[in-house]
Amino acid sequence: MKTILRILTLSFLLPLLLSCNPVSNDTDFDDPAFLQFAGRLTPKGVMPGTKASSSLLPVGSVTSIELTESGLYAIGIVTDEAGTIDYRTGKYSVTDNVYTLYSMGTLAFNNSVSGQVSLIYTPLFGETQQIPAEFLKPKSTNKAFRTWMVEKTRLTVRGWTVVSADFKGCDLAEIAEFLRNNGNKAPEDVPNLSVSTITLTGTETMILGYSDNSAELNEFSLNGNVLTYTWAERPDGFTFISDKAVIEYRDGKCLLTIDGYIRDSTTSGSVTFVLSPMD
Amino acid sequence: MRSFLLALACIALFPVFAAAQHMSIGAGYGTDGMTVELNTSIGQYVSLRAGYGKAAGIPSYTIQHISVPLHPGNADWGSVEVPLQMRLGVNEGHLLLNIHPGQGPFHFTVGGYLGNACLINGEFSYLPSDYDAIGIDVDGYLVKAKNGVLKAAIYAPGFGKGAFAVKPYVGIGFGRAVRADRRMSFSIDIGAQYLGKSTLWALGEGLTGKTKMVQIPSDAMGNLTDKISSYTRYLVVWPTINAHFYVRLF
């Protein structure tokens, strides 16, 4: 009896030890589903994203096609004689060497190695084109290199007040309203769009995918957890003057934080995108 | 550090309790919350107490006119008075040594309280609607109200740090928990815990949705932190009065 009571007594102390829960951060992700099919196609003679070269191309020409590790494509098409390029995004699937770009058409080329390829592009509505192109497979792999869904955005504004707010997704109009309501400058003509995906590819392209399937492409390099990128000038005025972002992983999410300030404003702040893998 | 201290305390206690000739289990109530504890005698002059206490059943108190900034994060844009409801929030273990100088019931007590540093839980209510929309980012945790209510707390760490308290205790008492000739006994204690510098904490939501209490920087809430400090600066010690009822196990 006494022994049982002693054991019970000792077990009384165990909850103290059990209260020492280790902190766990789940930061592992499965490989993206289209890792082996990913790469960048650049039709011959075209430098993607540059107006100088694209202005020489006829309207409707394809300037570049990013095929991401997560099965998302971003295709650049010349939309006017001045050489404006619009990027459209969507999902793709692959059967052997044939890529089906949903809402866009099909691509057929030898995707086994980087180098010159003969690209057969069949748009959804239009003639099949055979285009000599350069195919560049991903230079490296990294768990950041995939398509991420924007779950939440935390914005901290350091203007005449220091305040923070969370937004579901990343609705640009909602964020502009938040800035205005807190006495900060924000453009009036912000489009009714959300940033729905952020993709980092192994070919060092960052793709911001919007809710209307348009996209914005920038180059980046990743050193440790610091992302250095070129941020395209945005017509809606939401230009964060910063060329660096920090990547962290926490609780199965990727956190991408950009510190900077808004052009033509004294407001500085930080934006943290809470991202979850698309695939 | 917290894990180390708790593990050390447990390791130190195991042989003491395992070798005990007599031991009582007790339940108590007082300003250190509702407690359960084990008490074992070590010779005729000393007994060791190890237990756990949690605040329960103590009525709350409301300060009606706490001034908070009208706009979160900005102290210069006017203020508004809101009520703050407070209640005891202790949730901690204790390790105490009773010293009976005359082998009788009178005893001195020394030891400490270890665990969560929360002393007082509070709720600001009727906060302006801005507090629901925006807040303060503290180390990645967003502190803001929900439906006009903001959960906050006064943390008193003693010699501990952050949310982990190590609060030394001294006191006197009357009664012996372990008596070989009686199955049941009663004891009362009066003393004080050293609280250290009390600080204001509030519930924050992390980027990934996890919530935890975070310490509010002194400059983040304008006059509010000064107001809270005007109350908490007198909270250097916590008067501890409790009564225990024991049953001898063996």
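**View 1. Leu48(B) and its bridge partner Leu97(B) in strand E6 of chain B.** This is a predicted model, in which local features need pLDDT of at least 70 and side-chain atom pairs count only at pLDDT 80 or more, while totals for chains, interfaces and linings use all residues. Residues are numbered from 1 along each chain as its sequence is written, and chains are lettered from A and ligands numbered from 1 in the order in which they are written. Two strands pair if DSSP finds at least two bridges between them. Helices (H or I, at least four residues) and strands (E, at least two) are DSSP runs, numbered from the N terminus.

**View 2. The hairpin of E6(B) and E7(B).** E6(B) also pairs with strand E7 (residues 106-116) of chain B, in the antiparallel sense and over 8 bridges. One bridge to look for joins Glu92(B) to Gly115(B) in E7(B). Between the two strands of the hairpin lie 6 residues, and in this turn Gln103(B) has a positive phi of about 65°.

View 3. Cys118(B) counts as buried because 21 C-beta neighbours lie inside 10 Å; the cut-offs are 20 or more other C-beta atoms within 10 Å for buried, 12 or fewer for exposed, and partly exposed in between, with C-beta atoms placed from the backbone. Leaving aside residues up to four places away in sequence, Cys118(B) touches Gly89(B), Val90(B), Asn91(B), Ala153(B) and Tyr155(B). Here a contact means C-beta atoms, placed from the backbone, within 7 Å. Have a look at Ala156(B) too: its C-alpha atom is 6.3 Å from that of Cys118(B), although the two residues are 38 apart along the chain.

**View 4. Where domain 1 of chain A touches domain 2 of chain A.** The domain assignment, automatic or from a database, gives domain 1 (35-136) and domain 2 (147-277). The contact takes 16 residues from domain 1 and 14 residues from domain 2. On the domain 1 side, strands E1 (39-43), E3 (72-78) and E4 (85-95) of chain A each give two or more residues, with the largest share, 5 residues, coming from E4(A).

**View 5. Chain B as a whole, with 3 helices and 16 strands.** Of the 250 residues in chain B, 44% are buried.

Methods:
Contact = placed C-beta atoms within 7 Å.
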